[in-house]
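Student: Let's go through the salt bridges in this one. Can you show me the model?

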Amino acid sequence: MNRKRWIAVGLVLLLLVVYARTDVQESVPAAEGLSFLTSEAFRTETYKEGRGANIALLRVDGIILDQGLSFSTDPAAYNHQSFLRQVEEAFKRPDIKAVVMAIDSPGGGLYESDQAYQKIMAMKEQYNKPLIVSMGSMAASGGYYLAMPADKILAQRTSITGSIGVIMSAYNYQELAEKIGIREEVFKSGGNKDLLNPMRETTAEERAIMQGIIDESYGFFVDVVAQGRNMERPTVINLADGRIYTAAQALNAGLIDGIGDLDAAIAEAGNMIQESDPKVLLFKNPPPYNMNWLLSLLSPQLDLLGFPKYMENSVPRPMYLYRP
């Protein structure tokens with residue numbers, strides 16, 4: 001190992017010591033003393049002081065995708081694994097009597113949206129705590145999907161919501177490839193093994209296969225809304241053509257329960273637990289710089305930053321996503 005590498009090792013060890021001393025104690029759950037070594041830890045801080053019972057505030061900001069470990073330095077960006085942990089902790093903790101979920105998201109992946117929804121449903125059923133959703137500038141598609149377990153949904157008057165549906169798209173490079181003289185040779189075990197191959201036209205059979213997937217995923221969404229909003233399925237289908245709604249339109253259609261900001265949602269949660277002066281605990285993502293990030297300074301060749309995740313996310317797949 002050369003001199004520069006030894007210097008890098010020393011710097012990383014120093015950073016680890018500083019990081020551990022300053023940040024680990026704030027991670028939750030506190031019992032997991034090494035939680036800072038993973039991307040799944042989270043923190044809490046006081047959002048609003050109060051002398052009464054605790055209310056948890058969870059945030060869903062940005063596209064709902066499991067990006068794994070990333071270079072993102074935005075601690076507010078959606079972190080899927082951290083969010084699942086936050087949901088579990090908020091409902092499990094006996095000192096927390098209600099949960100407010102602030103959603104500002106255009107949606108995201110089918111898998112991630114449904115996994116988060118199932119987690120919220122399971123925790124709510126097990127612990128029976130009130131859940132209030134506060135919609136920010138947008139809670140559309142998968143963002144709306146996540147709101148369905150709520151006892152009450154409030155949106156700000158300028159919020160955009162709805163977009164109930166599924167979308168998937170793929171590029172086709174066939175004409176471009178022909179112009180510049182590129183041809184792909186494919187060896188496959190079955191006729192549909194290379195579905196959505198961008199180097200050729202999509203066949204009618206392939207379109208039917210993919211539309212079947214879209215229709216099934218759409219059915220899941222419709223069922224979730226019908227259950228969450230206590231609506232008849234045909235009523236939901238009439239609303240679920242992919243369009244977005246203003247807060248007033250959504251209220252008129254029964255997609256939300258009222259118009260109000262985050263403070264109104266917190267007050268509503270307080271009312272549901274008969275608490276006029278609750279203390280609000282904000283659940284936060286962990287810092288973006290963790291053990292994997294530090295180690296990557298020593299060995300950029302190691303797969304510690306989740307590059308395969310980025311490659312997976314570039315593959316066409318159905319999304320609960322509002323995309324103008």
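Predicted model: local features only at pLDDT ≥ 70, side-chain atom pairs only at ≥ 80, totals over all residues.

Student: How many salt bridges does the structure hold?

Tutor: Side chains of opposite charge can pair when their charged atoms come close. The cut-off here is 4 Å from nitrogen to carboxyl oxygen. The total for the structure is 15.

Student: Is Glu-112, the partner of Arg-317, buried or exposed?

Tutor: The Arg-317 to Glu-112 salt bridge spans 3.5 Å, N to O. Arg-317 sits in the loop between α11 and β12, and Glu-112 in helix α3. Arg-317 is partly exposed at 24% relative accessibility. Buried means under 20%, and Glu-112 has a relative accessible area of 4%, so Glu-112 is buried.

Student: Which residue meets Asp-257 in a salt bridge?

Tutor: Asp-257 lies in the loop between α8 and β10, and its partner in the loop between α6 and α7. The N to O distance is 2.9 Å, and the partner is Arg-229.

Student: Which residues are linked in a network of salt bridges?

Tutor: A network joins several charged side chains by salt bridges. Its members are Lys-188, Asp-194, Arg-200 and Glu-206.

How values were computed
Residues numbered from 1 in each chain as written. Heavy atoms only, no water. Helix = DSSP H or I, 4+ residues; strand = E, 2+ residues; numbered from the N terminus. Buried < 20%, exposed > 50% of the residue type's maximum accessible area, 1.4 Å probe, protein only.
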